Amino acid sequence: MKVDQALNIADLQRLARRRLPRAVLDYIEGGAEDEIGVTENLRAFARHQLVPRFLTSCSTIDLRTPLFGKTYAAPFGIAPTGIAGLFRPRGDIMLAEAALAEGLPYIMSGTCNAMIEELPPAAARNGWYQLYVGYDHAIDEDIIRRAADAGMEVLVLTVDSQVRTKRERDLRNGFTVMGLKIGPKMEALLHPGWLAGYLMTGGMPRFGNFSPYVKDAKNALAVWKFMTSHLPGNLVWEDVERYRRLWKGRLVIKGVLHPADAVRAVELGADGIIVSNHGGRQLDRGPASVDMFPLVRAAVGNRATLMLDSGIRRGSDIVTALCLGADFTFVGRATLYGLAAGGVPGIRKAIAILRHEVETAGRHLGCADVAALCADYLRSPHVEAQALSV
Ligand SMILES: Cc1cc2nc3c(=O)[nH]c(=O)nc-3n(C[C@H](O)[C@H](O)[C@H](O)COP(=O)(O)O)c2cc1C
């Protein structure tokens with residue numbers, strides 16, 4: 001199978017599996033501990049049903065979605081994913097370029113390999129920057145200054161990654177980001193396409209955005225050591241207030257699940273929230289974002305833009321999220337599988353698949369505009385009234 005023959009995201013995942021060494025694929029696919037959270041993210045979407053409406057002659061569906069003063073081509077974007085340069089050289093830049101070409105937002109990860117300044121200017125202006133707050137505030141503040149200088153208008157603070165999580169696939173594989181144990185190294189020989197790119201670009205990619213703060217900036221290991229001494233910092237609510245004061249653009253808090261946290265973030269001036277469980281990579285027994293989303297929406301109302309990620313593999317997942325009241329959605333692994341499978345064309349293929357599936361589901365619902373999707377189209381037999389104190 002070739003990339004252009006992929007019918008769905010699972011096909012792209014299979015292609016990625018062929019190209020990547022096991023340990024690298026495990027890093028993308030895997031989650032925390034028993035990976036209950038990863039599975040639950042998928043199941044939680046599948047528990048919702050979309051109820052079709054017929055006889056409406058709905059032949060096209062308008063996917064355009066306004067968000068933070070721009071209009072995107074579809075109601076989803078590319079979530080921040082670290083170390084994309086390991087999946088394919090220039091991986092971050094490819095994600096940014098594909099997003100720009102498709103008219104979708106791209107969130108540059110706080111642990112990406114490219115430097116902000118390496119993004120093509122138009123791709124940078126289309127990008128949002130995701131910050132992992134570290135110990136040295138001066139460095140974080142300099143990074144967000146660089147993001148603003150590049151024309152990025154949205155800052156995303158990820159708040160769910162303060163605890164170093166136990167990802168057992170990575171521990172078994174000896175995947176420490178800067179190197180692999182001997183076994184996985186041997187297995188990498190079976191993936192010559194990936195290996196050639198890895199070796200030709202000098203082995204383990206550098207965490208570019210931190211290199212200006214390291215003396216031996218060309219040395220990937222030195223930059224990695226610096227980064228791991230800086231991250232994760234001790235992120236608390238006062239930091240949200242501080243970044244609200246410092247950042248003139250839109251501020252988004254990513255990783256919120258509890259409605260009370262969402263309310264607090266909005267009260268502190270956040271413009272948007274990404275309800276997310278980090279794709280099941282942090283707290284294994286945490287709830288799926290799609291399960292928490294209605295509670296967050298009920299608590300926040302229309303005071304902020306509410307987005308969602310974690311578990312989206314089909315366009316119908318995106319439609320479900322919109323029916324639940326999400327203003328926008330993000331995908332992590334879906335576009336990474338596309339990246340690993342086929343670079344920019346692979347990412348664009350992932351986007352095309354999701355777009356087409358959103359259109360198909362929307363047309364079945366007889367809803368000509370994604371903006372009109374709402375709870376009327378949804379049947380959620382498992383949902384019971386559940387209150388969490390706000
Ligand atoms: C390989 C990988 C790396 C990630 N790196 C980051 C990151 O650097 N920053 C961040 O906020 N989230 C990161 N995430 C989480 C994603 O932004 C997103 O929340 C998650 O992938 C959504 O779930 P999905 O993969 O099921 O779509 C990462 C996810 C994956 C799979």
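## A loop with a cis proline

Let's start at P232, which you'll find in the loop between α11 (220-230) and α12 (237-246). This is a predicted model, by the way, so read what follows as features of that prediction. The peptide bond joining L231 and P232 is cis, with omega at about -15°.

## Another loop to look at

Next up is E33, in the loop between α2 and α3 (36-46). E33 isn't a glycine, yet its phi is positive, near 40°.

## Where the ligand sits

Now for the ligand, which sits in the largest pocket. A shell of 24 residues surrounds the ligand, and the closest of them are P80, S109, Y132, T158 and D309. Sorted by class, that shell has 12 polar residues, seven nonpolar ones and five charged ones.

A polar backbone atom of P80 lies 2.7 Å from an oxygen atom of the ligand. R333 also brings a polar backbone atom, this time 2.9 Å from a ligand oxygen. With S276 the side chain is involved: one of its N or O atoms is 3.4 Å from an oxygen atom of the ligand.

How much of the ligand's accessible area does the protein cover? On its own the ligand has 600 Å² of accessible area, and the protein covers 98% of that.

## Salt bridges

Side chains of opposite charge can pair up when their charged atoms come close. Searching the whole structure turns up 23 salt bridges. One of them is between R17 and E29, where the closest N and O atoms are 2.9 Å apart. R17 belongs to helix α1 (residues 9-19) and E29 to helix α2, so this pair ties together parts that are 12 residues apart in sequence.

How values were computed
Residues numbered from 1 in each chain as written. Predicted model: local features only at pLDDT ≥ 70, side-chain atom pairs only at ≥ 80, totals over all residues. Heavy atoms only, no water. Near = heavy atom within 4 Å. Polar contact = N/O pair within 3.5 Å; in protein donor to acceptor, adjacent residues only side chain to side chain. Areas by Shrake-Rupley, 256 points an atom, 1.4 Å probe, with all protein chains shown as cover. 1 Å grid on protein atoms, 1.4 Å probe; cavity = no way out; pocket = protein on both sides within 12 Å on 5 of 7 lines; lining within 4 Å. Sits in = over half its atoms within 2 Å of the grid points. Nonpolar A, V, L, I, M, F, W, Y, C, P; charged D, E, K, R; others polar. Salt bridge = Lys/Arg side-chain N within 4 Å of Asp/Glu carboxyl O. Helix = DSSP H or I, 4+ residues; strand = E, 2+ residues; numbered from the N terminus.
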